Amino acid sequence: MRRILVTGGAGFIGANFVHYWLLRYPEDKLVVLDKLTYAGCASSLDSVTENERYAFQKGCIGDRSLVQSLLLKHEIDTVVNFAAESHVDRSITGPDEFIETNVSATHRLLNACRDVWIEQGKKTESHRFHHISTDEVYGSLGPTDPAFTENTQYRPNSPYSASKASSDHLVRAYHHTYGLNTTTSNCSNNYGPYQFPEKLIPLCITNLLLGKKLPIYGDGKNIRDWLFVEDHCRAVDLVVRKGVAGEVYNVGGNCESTNLLLVETICNEFDRFYQDEPELFESYPENWMAKSTASDAIDFVVDRPGHDRRYAVNASKISVELGFEPLIGLEEGI
């Protein structure tokens, strides 16, 4: 039986992970720690609030004394750290919060775990600190460059990716210096239920429902590898249970797509969906399909600063060593 502290568990990926784990591991207990900032939504966890194996604590990962008390009170042996500021656009206009949360607060979280698990000798052998990171720490790829591997040099190009790169290095250092049993996964772009509508896919869906245009940066040919969030949860599951302490695992969806092609796919699905469900026009009378086809909503806007051209993830290590393969393709996921 595991006792897991899920930080950022009311956020998009964290909430999906909570639902995933409670469903699959009926003996385990989960404690969620979340600050409930703008992107943390307590209602994403409404369906599990009555579960006796679940507990929620509002708070910040940077509150070292709070984290220590949770680790001791609930006899936590595993931390899965989803807590992060994650939107590149916000990091460009306000980088300070990204440095505070992704670097300083993450460091205090690591310190709390070190104090309880190492210094106090609690769960010394069985503990695990798993850190969720991003492929953006590796920088940008050219059209024909090979995909990122775990040995790719870090070249972060935004305050967001720089802050996540910093946290990755701290996690590595706490393993090699203090003996904390850590693992890190660097994932590609996630999408799925509960995602906050500042990210591309839910933004497009929301804007189409409200009759607004779909902003696409530059020429729309920036390429990302898309990973359905439940596939990501499966990967984290494997790393937590079977991953080697001190190792890093890249997690990808094997679904590279330009932003423009992705948005066109969403538009095609909307057109089809509204033809099949005409009563939806009553629920969303301002929706774009009431005046035109969805693809007419596409609007090219000025590119953002430092916009990486392409990300691609080589996930062969987690495939070969832990048996992970993504199950949901992009069109199915959409």
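**Questions about loops and helices**

Tutor: Let's start with glutamate 75, in the loop between α2 and β4 (78-81). Helices and strands here are DSSP runs, H or I of at least four residues and E of at least two, numbered from the N terminus. This is a predicted model, where local features need pLDDT of at least 70, side-chain atom pairs count only at pLDDT 80 or more, and totals for chains, interfaces and linings use all residues. Residues are numbered from 1 along each chain as its sequence is written, and side-chain values use heavy atoms, with hydrogens and water left out.

Student: Why does glutamate 75 count as partly exposed?

Tutor: Buried means under 20% relative accessible area, exposed means over 50%, and partly exposed is in between (1.4 Å probe, protein chains only). Glutamate 75 comes out at 46%, so it counts as partly exposed. Its phi is also positive, about 50°, although it is not a glycine.

Student: What about leucine 36: where is it found?

Tutor: Leucine 36 sits in the loop between β2 (29-34) and β3 (54-58). Its relative accessibility is 29%, so leucine 36 is partly exposed too.

Student: How do you know the span of α5 agrees with what it should be?

Tutor: The expected span is 1.5 Å times one less than the number of residues. For the 20 residues of α5 that gives 28 Å, and the end C-alpha atoms are 28 Å apart, so the two agree. The buried residues of α5 include Tyr160, Ala165, Val171 and His175, and their cover includes α3 (88-93), α4, β5 and β6 (182-187). Just after α5, glycine 179 takes a positive phi of about 85°.

Student: How does helix α8 (residues 259-276) do on the span check?

Tutor: The 18 residues of α8 should span 26 Å, and the end C-alpha atoms are 26 Å apart, which agrees. Among the buried residues of α8 are Leu262, Ile266, Phe270 and Tyr274.

Student: At what angle do α2 and α4 cross?

Tutor: The axes of α2 (residues 64-73) and α4 (residues 96-119) come within 9 Å and cross at roughly 40°. That makes α2 oblique to α4, because under 35 degrees is roughly parallel, over 145 roughly antiparallel, 65 to 115 roughly perpendicular and the rest oblique.

Student: How do α1 and α7 cross?

Tutor: The axes of α1 (residues 12-24) and α7 (residues 229-242) come within 9 Å and cross at roughly 65°. The crossing of α1 past α7 is right-handed.

Definitions and conventions:
Axes are lines fitted to C-alpha atoms, for helices over the stretch in contact, and angles run from 0 to 180 degrees between N-to-C directions. A crossing is left-handed if the near helix is turned anticlockwise from the far one by less than a right angle, and right-handed if clockwise. Contact means heavy atoms within 4.5 Å.
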